[in-house]
Amino acid sequence: MIVHPTNLYKTPGYKTISNWLHTKGYKPFAYQQAAWQHIVNNESGLVNAPTGTGKTFSVFLGALIQFINQHPGSYQTKSKNGLQLLWITPLRALAKDVGRAMEEVIAELNMQWKVGIRNGDTSLSDRQKQKRQVPEVLIITPESLQLLLAQKEYPAVFKTLKILAVDEWHELIGSKRGVQVELAISRICGLRKKLIADSLQMEDEGLDETKTNSEFESKSRPKPLNSSTSQPLSIWGISATIGNLEQAKDVLLASLSSSPSGRGQEGAIIRSQLNKNIEVDSIIPDEIEKYPWAGHLGIKLVHKVIPIINQSKTTLIFINTRGMSEQWYQALLNTAPDLAGAIALHHGSIEQELRLWVEDALHDGKLKAAVCTASLDLGVDFRPVETVIQVGSPKGVARFLQRAGRSGHSPDAVSKIYFLPTHSLELVEAAALKSAITESFIESREPLMLCYDVLIQYLCTLAVSDGFLPDEIFKEVKNTYCFAEITEEEWNELLYFITAGGNALQQYDEYKKVEVEDGIYKIKSRRIAMRHRMHIGTIVSEAMLKVKFMTGGYIGIIEEWFISRLEPGDAFTLAGRQLELVTIKDMTVLVKKSAAKKSIVPSWQGGRLPLSASLGSKLREKFNEAIDVVSSRYSKTDPELKALKPLFN
């Protein structure tokens, strides 16, 4: 199939979107228009732009332009179009905000598209509605996408799919969740190629259902696909900060390397030429000699944070760990009681309803400040956020830039971020971060190779649904970047493992999960299928217990290892509340409010962050400069190093 280039600016879709933007006083950026041009040409690629410059619209509006081009006279009335855009997002917190932005555009264009969200928070009734009628846009996490592949007759969901977008690709590449996405893309591409091949074959044979000999024969033949259904699948990655862009693009688009027409896709990298203006200010202790040299939480500087909160409309205070965020939230309230009701706490162990309330309150400007962890450091668009405070080193340049971008979340706004050291020598890391940002010295995310554990889980996922043909899936898997080097011998070992437990586990019946029936590999046991669906994911965590009040009311979750150390009557903090442990019953921690003056702050496993190679390199440079600081030969203007001179001496 030959796809002829289309002049974007002459298309009805572009004119419609351009007019809509004009009525809102907006003008598209050059990089957005470049992405739209590639999308209308059915091409794929990676969009790289700073946070807050419209990366979402560079792909989403492209999907709308494409749809309007295909249905210029009926785009406002055409409904029940099937899945048009699959939007993969790494965080549940992103889904609601991205969905809200998309729905606003769809409503203002008077289109009949529906936006659905599929993640761990999606209710069973919403999942059933999506199954009965698939929305035109489905926003989904990698784990929920795997669950979708575990559904019976899942190929029908992707039959009308035009564009697959992976948001915040830099957060996924280099992780096993990224490998999950690679495998899911390989399956969707395989389905698309099969559809196109069937369509081309029918065209070659000149099949027409009106010429068949009987009504039965007519119904049994597949219908020829129309041009919009048989178009090549476009895959787009969206990335803010990553060092190895070219490789990131190759990993994402690997499964497009072969097609029925023999035309591979190299893919485009669309770079924004917009330079985000970032201001980094370090909060320096008044007497550096009296500030701790190592460890600690930075709470001694809480009095310097209060004026920053008061002079800003809204402030996000980023803390590296959940336990530390609980302590900072209490310290802020103790220091400035008048902030009660104006500040909130947000982290992954707080119950969903409270998290959503915090996100909405931030969006509406009802909160003065929020103490948060990585649960809010990706692309959630909180319009009023004016200032960001980073407490402690983020241990990576990209992570720091991402958090800085939460303030001034628009193209022409300045992103203002304060660095608050938890101990004095962390100021050197602040100087290193500023140097790395100036030189755009950002970390690369190396892709993982040959992750057999993820592949075994994926094969079981396919076996749970309609089953799979090993030769067909082997070709798809080998097309991914992660498994390009897999051999037939290794593949056969994997098949042996899922059917018989391999050489090591063949004595145990529970590892004989997959059965072979007429050459199709299937999981036929309902018990095994249910257990597999319950355990889909690549993040291994500690056993978690729900925390509830005795009188009812869900507070959040806590790790079992922490709560097991407490005795009934002990007080601990969760979600900013003082709680007293009453008892543990049926995997639930029952508590009541506590009036204790002292309480234990919970800690979670995996709270330590490793220093990235890029930041480590800059850190060594700054420590080398310390020699010049001591000898007074230092002429640069790093206030952090100058403040540390007494310690260096």
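The model is predicted, so local features need pLDDT of at least 70 and side-chain atom pairs count only at pLDDT 80 or more, whereas totals for chains, interfaces and linings use all residues. Residues are numbered from 1 along each chain as its sequence is written, and side-chain values use heavy atoms, with hydrogens and water left out.

Stay with Gln-66, which belongs to helix 3 (residues 55-70). Helices (H or I, at least four residues) and strands (E, at least two) are DSSP runs numbered from the N terminus. Is Gln-66 buried or exposed? Gln-66 is buried, its relative accessible area being 5%; buried means under 20%, exposed over 50% and partly exposed in between, with a 1.4 Å probe and protein chains only. Next, display Asn-42: its side chain makes a polar contact of 3.2 Å with that of Gln-66. Such a contact is a pair of N or O atoms within 3.5 Å; within protein, one must be able to donate a hydrogen and the other to accept it, and residues adjacent in sequence count only if both atoms are side-chain atoms.

Ile-163 stands opposite Ser-234 in strand 6. Strand 5 (residues 163-166) and strand 6 (residues 234-239) run parallel and share 4 bridges; strands pair if DSSP finds at least two bridges between them. Now select the whole open sheet, whose 7 strands follow the order 3-4-2-5-6-1-7 with parallel pairing. At its edges, strand 3 (115-118) and strand 7 (268-271) each pair on one side only, and the twist from one strand to the next averages 15°. Axes are lines fitted to C-alpha atoms, for helices over the stretch in contact, and angles run from 0 to 180 degrees between N-to-C directions.

Move to the open sheet of 6 strands, ordered 8-13-12-9-11-10 and paired in parallel. Strand 8 (278-282) and strand 10 (343-346) are the edges; each has a single partner strand, so one side of each lacks a neighbour in the sheet. Here the twist averages 20° between one strand and the next. Strand 8 joins strand 13 (residues 415-420) through 5 bridges, and Asp-281 has Tyr-418 of strand 13 as its bridge partner. Helix 15 (residues 426-438) packs on the sheet against strand 8 and strand 13, at about 165° to the direction of strand 8. Helix 13 (residues 352-363) lies across strand 9 (315-319), strand 10 and strand 11 (369-372), at about 130° to strand 10.

Then select helix 12 (residues 322-335). Of its 14 residues, 10 are buried, so helix 12 is largely enclosed by the rest of the structure; among them are Trp-328, Tyr-329 and Glu-326. At the N-terminal end, Thr-321 caps helix 12 with a side-chain oxygen 3.2 Å from the backbone nitrogen of Met-324.

Finally, colour by pLDDT, the predictor's confidence in each residue, from 0 to 100. The protein has a mean of 85, with 88% of its residues at 70 or more. Residues 209-225 have pLDDT below 50, and this stretch makes 13 contacts in the model beyond near neighbours in sequence. Residues 259-264 are also below 50, with 11 such contacts.

Notes:
Contact = heavy atoms within 4.5 Å.
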